Every structure is written in C-alpha cells, then in structure tokens.
Number of protein chains: 2
Amino acid sequence: MDSVIRPLRRPSRARRPPRTPNPEVPRRFLDAAAALIREQGYQSLLIEEIAERAGLAVGTFYLYFDSKEDLFVQLVLEYTERLRTRLRDAYATPGTLRERLARALDVYLDFVEENERGFLYYRDFSIETNVGPLATWAIDRHAEDLRPLIEEAMQRGELPQNDPDLTAQTLIAVTQHIAGFWLEHRDKYSREQIEWFLTRSLFTS
Amino acid sequence: MDSVIRPLRRPSRARRPPRTPNPEVPRRFLDAAAALIREQGYQSLLIEEIAERAGLAVGTFYLYFDSKEDLFVQLVLEYTERLRTRLRDAYATPGTLRERLARALDVYLDFVEENERGFLYYRDFSIETNVGPLATWAIDRHAEDLRPLIEEAMQRGELPQNDPDLTAQTLIAVTQHIAGFWLEHRDKYSREQIEWFLTRSLFTS
C-alpha cells in the first residue's frame with residue numbers, strides 16, 4: 001500500500017499507519033470500493049459505505065488511506081497496470097500492426113465496458129498527484145508501451161514515418177476520448193460502430 | 001454574470017447576490033484572475049490575491065462568485081466563446097478543408113500559448129458543472145462548430161466518408177491533447193513540429 005503515487009491534496013492531520021500492517025485489509029477496502037463504483041459511481045460514494053461493504057470499521061480505513069481520493073488513486077494505479085498487461089499481451093500477438101492494434105482495441109473496449117463509471121470519472125476529473133495529473137500519467141504509460149510497436153510498423157512501412165511519441169500519444173488519446181464518448185452516447189453508437197470508426201481512422205497508413 | 005453554467009460543488013451557505021448588481025465588478029475580478037493565472041497558475045491562487053489585484057474587497061468577491069472554482073468556470077466559458085469566434089472565422093475563410101483547418105490550428109495554438117497555465121488546468125482537472133464535466137462541454141461545442149466543415153469536406157471528397165460527429169470529436173480531442181503535450185514538452189518540440197505533425201496526421205484524406 002505504500003505506493004509512491006498519492007494525491008497532492010492530503011489531509012491536514014497526518015495519517016498514522018498501522019503498527020503491524022495487514023495487506024488483506026486495504027485489499028478488502030479496494031475490492032469493496034471497486035464493486036460500489038461499478039454499482040453507483042464514485043462521486044456519491046461514502047467512506048462509511050465502503051467500510052460497511054468491506055465489513056471493516058471507518059477508523060480502519062483511515063489507517064490505510066488518507067481519503068476517498070487516495071483510495072481512488074490506488075485503484076486507478078492497480079487497474080491501469082492490469083489494463084497495461086492485457087494490452088501488451090495483445091501487442092505481442094503475431095500479425096500486422098493493424099491486426100495487433102485491432103486486438104488491443106478489443107481489450108481496451110472490454111476494459112472500459114467493465115469499468116464504465118470508474119473509467120469516466122478517471123477520464124473526466126483527473127486527480128493531481130506527486131507525479132502530475134493522474135490521467136496524464138496513465139496516458140504516458142500506455143504511450144510508452146505502444147511506442148515500440150509504432151516504431152516497428154514505421155520500419156516495416158505499415159505506418160508513415162512520423163514522430164513515434166506524438167503518434168503514440170495520438171492513438172492513446174483518441175482511443176480514450178472516443179471510448180468515453182461512446183459510453184456517453186450508447187443510444188447512438190454500437191460497439192461495432194466505434195471499433196469500425198477507430199480502426200478506419202487510426203490504423204490506416 | 002448569471003450564466004446558466006456553474007460548478008456543482010456549491011458552498012453550504014447560499015451566495016447573496018448584490019441588490020444592485022454592477023457588471024463592472026465581476027469584470028474586474030475576472031480580468032484580475034486571468035492575469036494572475038497567466039503569471040502563477042490557478043492552483044496556488046488565493047481569492048485574497050484576486051481581490052487585491054482587482055482593487056476590491058474579498059466580501060465583494062463573494063457577492064458575485066460562489067468560490068474560486070465558480071470564477072474559473074466563468075472564465076473558461078468566456079475564453080471558450082472567444083476561441084470559438086476565432087475558430088469559426090478561420091473555418092469560414094476560402095480554400096480547401098486542409099487550408100481552412102491549418103488556419104484554425106494556427107488560431108488554436110496561438111490561444112493555448114497565450115493561455116498556457118489556464119489551458120492546462122482546464123484540460124487536466126475538468127470541473128463538474130450542471131452541464132457535466134466542463135472540458136467535455138467545451139469539446140462538444142468545438143465539435144459542433146467543426147461538424148459542418150467536415151460534412152462539406154466529405155461531400156467534396158476531401159475527407160473519406162465516415163461518421164461526422166465522431167470525426168469532429170477526434171479532430172478536437174487530438175488537437176487539444178497534442179497541444180497540451182506540446183506545452184509540457186517545449187524542450188523537445190517546436191511549434192512548427194507540432195503543426196506539421198497535426199497537419200500530416202489529421203488532415204490527410
């Protein structure tokens with residue numbers, strides 16, 4: 001739980017960490033919060049509700065987390081790592097850039113569907129942390145993972161020569177934005193339409 | 001000053017508007033805040049500093065604004081309208097889609113350079129308002145303005161046929177994201193490189 005990334009907005013009173021930390025305890029709070037965010041979203045969530053769902057005391061919550069925002073940052077870090085693992089697996093499959101990116105896009109849209117409310121909150125209200133805005137940090141990690149694939153595709157002539165960092169930032173930013181737009185306009189667009197649009201507009205060389 | 005868009009996070013005590021509102025007063029607070037944001041950014045800014053720069057009392061501030069965040073929302077609305085006017089002027093110039101979009105991109109990059117710190121705060125920490133996240137609201141307005149141009153270009157064969165709303169959202173989101181990335185990496189990219197990248201990757205049909 002002593003992740004190096006934490007919100008800059010800290011409580012005025014310093015948190016007193018537990019004398020004998022039990023890793024199972026923050027795990028239970030994180031899982032309870034993830035389930036509640038899925039059901040009712042983040043904004044209306046109370047720490048009392050998280051503690052109740054976890055079957056633990058509010059006082060115990062504050063031994064492990066500074067605030068609800070602190071817990072949310074830890075959740076975003078954890079879910080970002082899970083998503084990165086799944087995306088890197090897709091990037092590493094055989095095939096052309098277009099085929100591998102199409103598989104990664106599938107993974108990404110699965111992820112945003114599974115985590116709809118948490119994803120939209122993360123995207124819309126980035127939290128200021130000691131490593132900068134949380135959403136910018138996450139986009140930079142995804143762009144880093146994607147960059148070798150882009151360089152390879154440029155070498156193989158599957159993508160036009162261009163700055164690989166800017167290209168990676170563009171692919172990630174567009175995918176994130178359009179995925180969020182889709183979640184907010186599900187009445188208008190099917191998942192297939194979104195996949196088709198992104199595949200057609202982003203991966204053509 | 002009675003804009004219909006305001007932050008959802010309101011103070012517990014209701015603001016008591018002035019009996020005889022003076023439009024010059026909020027104007028002075030807004031201009032003072034804009035100048036201070038340009039100099040030192042938004043986050044560290046105190047209402048006391050805004051009042052001092054405006055030559056007015058803190059109590060007067062609270063007659064016209066609920067909070068610092070409320071003033072920031074009003075500033076974003078005002079600056080978004082100014083930017084929209086400049087962008088629509090660029091869209092309305094003669095020429096191909098590519099030429100008109102290149103002029104609009106110039107206008108946009110001028111704007112983000114002029115308003116660097118305010119732009120980055122707006123982009124990174126969207127504020128929840130009665131019309132949803134402020135940044136989403138602004139992107140939707142820009143996409144609406146851009147949509148007729150995209151439809152025209154698709155009719156004239158200057159852009160491949162595709163969903164015009166998704167295409168407009170993509171162009172705006174990429175431009176906003178890459179403009180912010182540029183401001184954060186000025187040591188690595190010149191304005192010319194950014195313009196070249198965006199022109200090359202976005203406007204090719």
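Entry one. I noted at the start that this is a predicted model. I looked up how helix H8 (residues 164-184) of chain B sits against helix H9 (residues 191-202) of chain B, and found an angle of about 160 degrees with the axes 11 Å apart. Angles over 145 degrees count as roughly antiparallel, so H8(B) is roughly antiparallel to H9(B). The crossing of H8(B) past H9(B) is right-handed.

Entry two. Which residues make this contact? From H8(B) I listed B:Leu171, B:Val174, B:Thr175, B:Ile178 and B:Trp182, and from H9(B) came B:Arg191, B:Ile194, B:Phe197, B:Leu198 and B:Leu202. Sorting the contact residues gave me 8 nonpolar, 1 polar and 1 charged.

I checked the length of H9(B): its 12 residues reach 16 Å from first C-alpha to last, close to the expected 16 Å. The buried residues in H9(B) are B:Arg191, B:Ile194, B:Glu195, B:Phe197, B:Leu198, B:Thr199 and B:Leu202. I then asked what covers them, and the cover includes helix H8 (164-184) of chain A as well as H5 (97-114) and H8 of chain B.

I moved to A:Leu159, in the loop between helix H7 (134-155) and H8 of chain A. Is A:Leu159 buried or exposed? Its relative accessibility is 10%, so A:Leu159 counts as buried. I also looked up A:Leu97, 62 residues away along the chain, and the C-alpha atoms of A:Leu159 and A:Leu97 are separated by 8.5 Å.

Definitions and conventions
Residues are numbered from 1 along each chain as its sequence is written. Chains are lettered from A and ligands numbered from 1 in the order in which they are written. This is a predicted model: local features need pLDDT of at least 70, side-chain atom pairs count only at pLDDT 80 or more; totals for chains, interfaces and linings use all residues. Side-chain values use heavy atoms; hydrogens and water are left out. Axes are lines fitted to C-alpha atoms, for helices over the stretch in contact, and angles run from 0 to 180 degrees between N-to-C directions. Helices (H or I, at least four residues) and strands (E, at least two) are DSSP runs, numbered from the N terminus. Angles under 35 degrees count as roughly parallel, over 145 as roughly antiparallel, 65 to 115 as roughly perpendicular and the rest as oblique. A crossing is left-handed if the near helix is turned anticlockwise from the far one by less than a right angle, and right-handed if clockwise. Contact means heavy atoms within 4.5 Å. Ala, Val, Leu, Ile, Met, Phe, Trp, Tyr, Cys and Pro count as nonpolar, Asp, Glu, Lys and Arg as charged, and the others, Gly among them, as polar. The expected span of a helix is 1.5 Å times one less than its number of residues. Buried means under 20% relative accessible area, exposed over 50%, partly exposed in between (1.4 Å probe, protein chains only).
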